[in-house]
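Work through the exercises below with the sequence and the coordinates open beside you. Each task is followed by a solution that goes step by step.

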Amino acid sequence: GGPRRAGLLPLLLLLWTGLASGAVQERPREVAPMPVAWGAAFQAIKNDRPPKQIVRNIHYVISNENRHFLFRDAVQATGGVYIGVGSDQNYLMAGWSRPEALVLMDFDQVVVDLHRVYRLLFLNAPNPETFMDLWSLRSEKQVRALIDAAYPDAQQRAKVRSAYHIGRLAVHNRLRRVRRLYARLGVPCFLNDAEQYGYLVNMFRANRVFMVRGDLTADVSVDDIAAAARAANLPVRVIYLSNAEKYFPYNADFKRSMLELPTDDQSVVVRTWGFNGGRYNYTVQKGQNFQSWLRDGKTTSVASMLRFVEASNKRGDVSQILKLPGDAEPAKAPVGKQAARARLGALPKAL
């Protein structure tokens with residue numbers, strides 16, 4: 001008995017150490033295939049017309065926002081439908097929010113096609129380390145072969161290969177930076193947590209991820225997303241808008257389509273807005289609060305609501321919108337460097 005106990009002690013110590021350090025990780029939760037009727041509704045989402053030109057003629061294949069962890073508590077385990085514009089940042093937030101349907105939307109076709117590359121790499125990498133390696137230069141031949149096999153249609157294959165060529169280096173560098181940052185912060189994400197990574201893989205396997213070229217100010221894609229969510233009886237729980245709203249006024253199509261989205265008391269809108277050298281503020285707003293503002297005729301842009309932001313932490317780098325139209329008027333100073341500092345305090349330098 002003594003020798004066996006002596007041999008067991010190091011094993012128990014090793015197990016305890018692994019648990020304490022987080023080395024023993026939970027298995028990814030299985031994701032059931034999307035019911036046929038739901039899948040048909042989401043597959044029916046149509047693209048909006050392509051834009052005449054993209055902002056600054058730049059393909060935003062990576063995010064320039066570095067502190068999405070500030071949204072983590074707001075989106076944690078919300079489920080439902082996640083709608084997000086942009087690129088890599090959506091996988092961070094989807095890993096936290098655990099949606100039942102993930103809609104990746106951008107008005108730039110290159111970004112939409114880049115998500116198709118992401119899909120292939122998620123499906124062909126068993127863990128975050130392999131996933132990261134597939135974005136490296138040494139895996140280029142392998143990834144091109146995956147694209148060729150997955151997209152037999154020559155026109156679509158050319159678009160996906162072009163998006164991969166445009167984005168590969170930037171994406172690889174971006175993901176490496178994000179992984180280092182989140183490791184330093186001790187924040188689990190799909191790049192350092194096998195469970196979150198596995199959840200995203202299973203979402204793709206279950207055909208619950210949808211890519212669409214959508215224009216927030218147009219009259220097709222968001223309306224179709226709303227119809228699909230209603231057909232599946234799923235609330236839209238996360239709407240991530242990045243800083244897109246600063247580029248357009250709230251026209252009738254934007255207001256109508258956003259009001260069509262089925263929300264509930266757990267729904268949140270998360271956005272960024274910047275000032276003073278590009279430092280972003282991260283703003284959280286309840287979905288039903290957002291829709292109340294949209295019903296008000298005086299709400300003509302995101303600035304109409306940002307005048308009412310309230311700091312959510314001492315540093316002032318995350319804020320929320322709690323007030324409703326008709327609440328006490330804010331200070332008359334416009335949202336800008338001085339007004340924002342007065343309400344939120346000086347932001348720390350971006351990470």
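This is a predicted model: local features need pLDDT of at least 70, side-chain atom pairs count only at pLDDT 80 or more; totals for chains, interfaces and linings use all residues.

Residues are numbered from 1 along each chain as its sequence is written, and side-chain values use heavy atoms, with hydrogens and water left out.

**Exercise 1. The whole chain**

Task: State how many helices and strands the protein has, and what percentage of its residues is buried.

Solution: Begin with the secondary structure, where helices (H or I, at least four residues) and strands (E, at least two) are DSSP runs numbered from the N terminus. The protein has 14 helices and eight strands. Next take accessibility, for which buried means under 20% relative accessible area, exposed over 50% and partly exposed in between, with a 1.4 Å probe and protein chains only. Of the 351 residues, 51% are buried. Finally, consider contacts (heavy atoms within 4.5 Å): among those between residues at least 6 apart in sequence, 74% join residues at least 24 apart.

**Exercise 2. Paired strands**

Solution: S4 is mostly covered, with seven of its seven residues buried. S6 (residues 279-286) has seven of its eight residues buried, and is therefore largely enclosed by the rest of the structure.

**Exercise 3. A cavity**

Task: Identify which residues line the largest cavity, and how they divide by class.

Solution: On a 1 Å grid over the protein atoms alone, a cavity is a set of points where a 1.4 Å probe fits but cannot get out, and lining residues have an atom within 4 Å of a point. Grid points are joined across faces, edges and corners, and a volume is the space filled by probe spheres set on the points. The structure holds one cavity of 30 Å³ or more, and the largest cavity contains about 40 Å³ of space. Its lining is made up of Ile-83, Gly-84, Val-85, Met-105, Leu-216, Ile-239, Tyr-240, Leu-241 and Met-258. The elements giving two or more residues to this lining are S1 (81-85) and S4 (236-242). For the classes, Ala, Val, Leu, Ile, Met, Phe, Trp, Tyr, Cys and Pro count as nonpolar, Asp, Glu, Lys and Arg as charged, and the others, Gly among them, as polar. The lining then has eight nonpolar, one polar and no charged residues.

**Exercise 4. An aromatic pair**

Task: Describe the geometry of the ring pair formed by Tyr-91 and Phe-122.

Solution: A pair of aromatic rings is described by the distance of the centres and the angle of the planes. Rings of Phe, Tyr and Trp (its six-membered ring) pair if their centres lie within 6.5 Å, and planes under 30 degrees apart count as stacked, over 60 as edge-to-face and the rest as tilted. By this rule there are 24 aromatic pairs. The pair of Tyr-91 and Phe-122 is tilted, with 5.2 Å from centre to centre and 55° between the planes. It links distant parts of the chain, since Tyr-91 is in helix H4 (residues 89-97) and Phe-122 in helix H5, 31 residues apart. Both Tyr-91 and Phe-122 are buried, and both belong to one aromatic cluster, whose members include Tyr-118, Phe-131 and Trp-135.

**Exercise 5. Positive phi**

Task: Decide whether Ala-77 and Ser-242 are buried or exposed.

Solution: Most residues other than glycine have a negative phi. Ala-77, although not a glycine, has a positive phi of about 55°, and its place is in the loop between helix H3 (72-75) and S1. With a relative accessible area of 53%, Ala-77 is exposed. Ser-242, found in strand S4, also has a positive phi, near 50°, but at 11% relative accessibility Ser-242 counts as buried.

Key: On a 1 Å grid over the protein atoms alone, a cavity is a set of points where a 1.4 Å probe fits but cannot get out, and a pocket is an open set with protein on both sides within 12 Å along at least five of seven lines; lining residues have an atom within 4 Å of a point.
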